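Me: I would like to learn how to read a protein model, one feature after another. Please give the general idea each time, then the case at hand.

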Amino acid sequence: MRKIIAVEFITLDGVMQAPGASKEDASEGFKYGGWMGPLFDDEGGKEMDKQMKKTYSLLLGHKTYDIFAGYWPTNTDKGWPQVNKITKYVVSHSLKKPSWENTVILKNIDELKKLKNSIGEDMQVYGSSNLLQTLMKHDLVDEFWLKIFPITLGTGKKLFDEGTIPAAFKLIESRTTPSGVIFASYRRAGKVKTSSML
């Protein structure tokens with residue numbers, strides 16, 4: 001069985017929308033695009049290089065896929081040399097003829113579940129806020145590799161939103177960069193346990 005790993009940049013209040021650039025995703029009037037830039041230091045860059053250079057497939061929603069496909073084919077010198085060669089799975093009803101090499105279209109959650117239960121490389125999810133809500137709703141996320149930035153925005157698409165279910169996770173790795181960004185990786189660890197008060 002393949003693991004699905006959500007690799008996400010979030011604020012303290014859980015916003016994940018448009019961390020990288022001002023025009024990355026301005027939907028719903030979001031005006032804080034590029035919020036991670038001022039806090040992304042050299043140590044954070046080294047950590048991201050480690051995560052991106054491991055061999056994984058990508059699992060993306062349509063919007064994030066379009067952003068990546070518009071950038072990475074001509075920018076492989078930016079620290080992700082294998083991104084064009086690895087398999088990109090994109091969950092979409094409307095994408096018909098993808099131009100980015102090694103792209104596989106998944107039409108629905110059943111196709112995704114079948115893929116997850118097959119033998120192959122683990123899959124990393126970047127961005128893809130709508131897809132992530134579906135993945136969490138169906139309990140398909142095995143690990144969260146979070147980069148938590150010391151800012152709040154008060155608005156924007158959030159990682160833990162309407163797809164969130166009760167679930168327990170175990171911290172498997174963490175470190176903090178000089179600018180205060182927390183890299184924290186969590187692995188699914190069963191159901192939420194509660195205690196009764198006497």
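Me: Where is lysine 31 found?
Reply: Helices and strands are DSSP runs numbered from the N terminus, a helix (H or I) having at least four residues and a strand (E) at least two. Lysine 31 sits in the loop between strand 1 and helix 1. This is a predicted model: local features need pLDDT of at least 70, side-chain atom pairs count only at pLDDT 80 or more, and totals for chains, interfaces and linings use all residues. Residues are numbered from 1 along each chain as its sequence is written, and side-chain values use heavy atoms, with hydrogens and water left out.

Me: Is lysine 31 buried or exposed?
Reply: The terms rest on relative accessible area: buried is under 20%, exposed is over 50%, and partly exposed is in between (1.4 Å probe, protein chains only). Lysine 31 has a relative accessible area of 67%, so it is exposed. Its C-alpha atom is separated by 9.2 Å from that of alanine 18, a residue 13 residues apart from it along the chain.

Me: And isoleucine 10, is it buried or exposed?
Reply: Isoleucine 10 is buried, because its relative accessible area is 6%. It belongs to strand 1, which covers residues 4–11.

Me: What does isoleucine 10 touch?
Reply: Contact means heavy atoms within 4.5 Å. Not counting residues up to four places away in sequence, isoleucine 10 touches Val15, Met16, Trp35, Leu146, Lys147, Ile148, Phe149 and Leu159. Tryptophan 35 has its own list, which again leaves aside neighbours within four places in sequence; among its contacts are Phe9, Ile10, Thr11, Phe30 and Leu153.

Me: How many residues does the largest nonpolar core have?
Reply: In soluble globular proteins, nonpolar side chains tend to be buried together. A nonpolar core is a set of buried Ala, Val, Leu, Ile, Met, Phe, Trp, Tyr and Cys residues joined through side-chain atoms within 4.5 Å. The largest one here has 29 residues, and those with the most contacts inside it are Trp35, Leu58, Phe68, Trp72, Trp80, Tyr126 and Phe149. At least two residues of this core come from each of strand 1, helix 1 (42–53), strand 2 (57–61), helix 2 (62–69) and strand 6 (143–149). Strand 1 gives the most, with three residues. Another core, of 21 residues, lies apart from it and includes Met16, Leu59, Leu135 and Met136.

Me: Now the charged residues. How many salt bridges does the structure hold?
Reply: Side chains of opposite charge can pair when their charged atoms come close. A salt bridge is a side-chain nitrogen of Lys or Arg within 4 Å of a carboxyl oxygen of Asp or Glu. The structure holds 11 of them. In one, lysine 46 pairs with glutamate 43, the closest N and O atoms being 3.7 Å apart. These two are separated by about one helical turn, because they are three residues apart in helix 1.

Me: Which residue forms a salt bridge with lysine 50?
Reply: Glutamate 47 does, with the closest N and O atoms 3.3 Å apart. Lysine 50 is exposed at 51% relative accessible area, whereas glutamate 47 is buried at 7%.

Me: Where in the chain are aspartate 139 and arginine 188?
Reply: They form a salt bridge, with the closest N and O atoms 3.0 Å apart. The pair links distant parts of the chain, 49 residues apart: aspartate 139 is in the loop between helix 4 (129–137) and strand 6, and arginine 188 is in strand 8 (residues 182–188). Elsewhere, salt bridges that share partners join Glu43, Lys46, Glu47, Lys50 and Arg175 into one network.
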